Amino acid sequence: MTLFQSLATAAGYDPAQGPGSSCSAPEASGRCVLPWGKGTKSVDSAVLVANGASFAIMTLLFTTVNSVADYGSFGRWLLLIFTVLCWGAQFASMSLTSPDRWGLAMALYMIGFITYGATLVYYAALFPRLARNTPHARQLRKKFERGETSVEEYEREESMETNRISNISTAHSNIGYIITLALNLTILLPRASDPKVNNYVLVLTNGYWVLLGIWWFIFQQPRPGPPLPAGEHYVTIGWKQIWMALKQYKKLPYTFIYLAAFFLLADGFNTAGTLVYLCQNDRFQFSFLQNTYLGLVQAVASTTSTLGFWYIQRHWKIPTKKMFAVTNIVTILIPLWGMIGIWSTKFGFRNVWEFWAYNVISGLFQAPYYAFSQTMMAELTPPGFDNMFFGLFGLSNRASSLIGPNVVQAIINQSGDNWKGFPFLFALCTVACIVLWVGVDMKKGRHDAIAWAAKQRSYARQWDVLDTENRAAEKSS
């Protein structure tokens, strides 16, 4: 996004000075617009439009193909295809060397953003299945089946095991983030004056992902799902299953309340992060080096906080929902702090120190936010329907930002002030958190999910028997 925003700013002009002027000139007004259709659009609005369009495409992908991943080996191939497309888009960034290529930069940014988001959803969908099949989880299940532990103790320990897997994976991802950023410095520092240094950094980062990511596809164990039901098609079954799932909201009320609330929360959280990042890029003049330093601070804070939150939760056996609620408070405070910048030029993401503080605080609470939100979804997901419900979860997380960026970009484009987008995001995050805190009963939601899954499997067995009998009757006739 930094490279796209940088090229777009270099290609744009100051509306107060007219076409041909520079947005970065000393006398510039602080606004920057690009030719857009028959008119103009501010650069920050263009970035938010790219985000909104990307989320719209993600919505189409998740609703069409995500449920298919529950059947056969289709999921592993989808993950491979999206990963390779993302790798290709990142390597193609070497061609982004002049301002007139800002349109290509926008396209490559969107391709990379969409495919990367898709890979995250498929990796996340593997999480519940892995968490249910660790040696400790299997041992817990056997003890419960033998009557050696109570329902309450079993559910509490199973939740702790799910949180353990989620927090460990989140911590490892942030350790990888630290290593990647440190590697970036090996190019950013010695080649600081090279105009293509940002492109080289993207290629290095992508090469690191290819080098370490390819082994998953080589050594992953086959865990195929059931075969595609007779009479169904890969293109339409996703829509049918999502419609079936949505019709079950009365039987899975807490699962769907969580999905709806998380839809709003993710919208506010993701868009607020993008808006702060836009302000940060403007403040640091799109410096990859400064963003790398800030990213390192955030990554170290994220790793430390993830392990710290996990230690606190494990030591005091704190439920997932309470841990998630703590991270929600900071989610509300970020846009609230940004609102100050509407009335003040001294605070509200106006100073360098505020962006350092933001990255520390965001790191301390953002990584646990992702870990606990994922665990809550896993606990509310009917067993055996992981891809279908994590597809809805991905839809809540990704497609929600189809709304936020478009609303905020319209506000910015109209007012010319980035900070006026924060009140909408503050309201969104606040409403979502209240619904999550008050409206989601994890214990009842988990019981509903297990009961619903068992009932669906019973129906499936009955239909298989009927289908077999019908086929036999047709052959005999």
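This is a predicted model: local features need pLDDT of at least 70, side-chain atom pairs count only at pLDDT 80 or more; totals for chains, interfaces and linings use all residues.
Figure 1. Residues are numbered from 1 along each chain as its sequence is written, and side-chain values use heavy atoms, with hydrogens and water left out. Pro35 counts as exposed because its relative accessibility is 52%; here buried means under 20% relative accessible area, exposed over 50%, and partly exposed in between (1.4 Å probe, protein chains only). If you look for Ala125 from here, Pro35 and Ala125 are 90 residues apart in sequence, and their C-alpha atoms are 41 Å apart in space.

Figure 2. Helix H1 runs over residues 2–11, and seven of its ten residues are buried, so the helix is largely enclosed by the rest of the structure.

**Figure 3. Asn199 and Thr97, two residues in contact.** Asn199 belongs to helix H7 (residues 197–219) and is buried, because its relative accessible area is 3%. Leaving aside its neighbours within four places in sequence, Asn199 touches Leu3, Ser93, Met94, Leu96 and Thr97. Thr97 lies in the loop between helix H3 (74–91) and H4, and counts as partly exposed because its relative accessibility is 38%. With neighbours within four places in sequence again left out, Thr97 is in contact with Lys196 and Asn199. Thr97 and Leu185 are 88 residues apart along the chain, with 20 Å between their C-alpha atoms.

**Figure 4. Val84 in helix H3.** Val84 has its place in helix H3. Val84 is partly exposed, because its relative accessible area is 43%. For a sense of distance, Val84 and Ser42 are 42 residues apart in sequence and 32 Å apart in space, C-alpha to C-alpha.

**Figure 5. The packing of helices H2 and H9.** Two packed helices are described by the angle between their axes and the distance between the axes. For helix H2 (residues 43–65) and helix H9 (residues 253–283), the angle is about 145° and the axes are 11 Å apart. Axes are lines fitted to C-alpha atoms, for helices over the stretch in contact, and angles run from 0 to 180 degrees between N-to-C directions. H2 passes H9 in a right-handed crossing; a crossing is left-handed if the near helix is turned anticlockwise from the far one by less than a right angle, and right-handed if clockwise. On the H2 side, look for Asp44, Val47, Leu48 and Asn51, which meet Thr274, Leu278 and Asp282 in H9. By class, this contact of H2 with H9 has three nonpolar, two polar and two charged residues (Ala, Val, Leu, Ile, Met, Phe, Trp, Tyr, Cys and Pro count as nonpolar, Asp, Glu, Lys and Arg as charged, and the others, Gly among them, as polar).

Figure 6. Gln285 lies in the loop between H9 and helix H10 (288–316). Its phi is near 55°, a positive value in a residue other than glycine. Gln285 counts as exposed because its relative accessibility is 66%. Phe349 is found in the loop between helix H11 (320–343) and helix H12 (352–380). The phi of Phe349 is near 60°, again positive in a residue other than glycine. Phe349 is buried, because its relative accessible area is 4%.

Figure 7. Buried residues make up 50% of its 477 residues. Among contacts with a separation of 6 or more, 79% come from residues 24 or more positions apart. Along its principal axes, the C-alpha trace spans about 80 × 60 × 40 Å.

Key. Helices (H or I, at least four residues) and strands (E, at least two) are DSSP runs, numbered from the N terminus. Contact means heavy atoms within 4.5 Å.
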